[in-house]
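Dear colleague,

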Amino acid sequence: VVFLAGTTKKFNYRELNENLVFHSELGFGADVINYEKRIRYASISKIALTQKIKAEAMSEEMRILYVAMTRAREKLIITALVPNLEKAYDKYAEPLTQYKISKANCFFDWIGTAVIEKPNDWIINQYTFGEAVQLNQREVGIENKLGELQLISSNNKAKQQEIENQM
């Protein structure tokens, strides 16, 4: 049994927002500062390096997801905290395109489309935030064929944020 938890947690691209970015093969890219106009903007080299670093980071995230999903022998349980189920269904009902893959912010952006596209391949359980708390769960799970998809919906943003911070 493999648990893939926190699939809606955003990928960490924080280092791409720094004033200076570094790539081990391509070097440095810095922000340009215009003192007269009092503005700061990314140089062309920083933009190029940022795109390269993000592509490499996304490739690593895909590798991690692949490894996690292919290690299950009996059951794969994937958890996802979904703030608004209706919006999630609308978002993931669209086909998974190369553009959508490249703009993913979390694992569930890749997984969600597969779940919505082929609902008969998944057992889907949905819990409201209150029901999940009563079940003493912070998240819910998806299991492929042998299991289930469980989604939590919450209108209580403060409590939801508190739980996401604990993950």
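**Strand pairing and helix packing**

Strand S2 (residues 20-23) pairs in the antiparallel sense with strand S3 (residues 27-34) over 4 bridges, where two strands pair if DSSP finds at least two bridges between them, and where helices (H or I, at least four residues) and strands (E, at least two) are DSSP runs numbered from the N terminus. Please bear in mind that this is a predicted model, in which local features need pLDDT of at least 70 and side-chain atom pairs count only at pLDDT 80 or more, while totals for chains, interfaces and linings use all residues. Residues are numbered from 1 along each chain as its sequence is written, and side-chain values use heavy atoms, with hydrogens and water left out.

S2 and S3 form a hairpin with 3 residues between them, and within this pairing Val21 has Gly29 of S3 as its bridge partner. S3 also pairs with strand S4 (residues 39-42), again in the antiparallel sense and over 4 bridges, with Ile33 standing opposite Arg40 of S4. The hairpin of S3 and S4 has 4 residues between the strands, and in it Arg38 takes a positive phi near 55°.

Turning to the helices, H2 (residues 85-93) and H4 (residues 107-117) pack at an angle of about 85° with their axes 8 Å apart (axes are lines fitted to C-alpha atoms, for helices over the stretch in contact, and angles run from 0 to 180 degrees between N-to-C directions). H2 is therefore roughly perpendicular to H4, a term that covers angles of 65 to 115 degrees. The contact (heavy atoms within 4.5 Å) is made by Tyr89, Lys91, Tyr92 and Ala93 of H2 together with Phe108, Asp109, Gly112, Thr113 and Ile116 of H4.

Methods:
Parallel < 35°, antiparallel > 145°, perpendicular 65-115°, else oblique.
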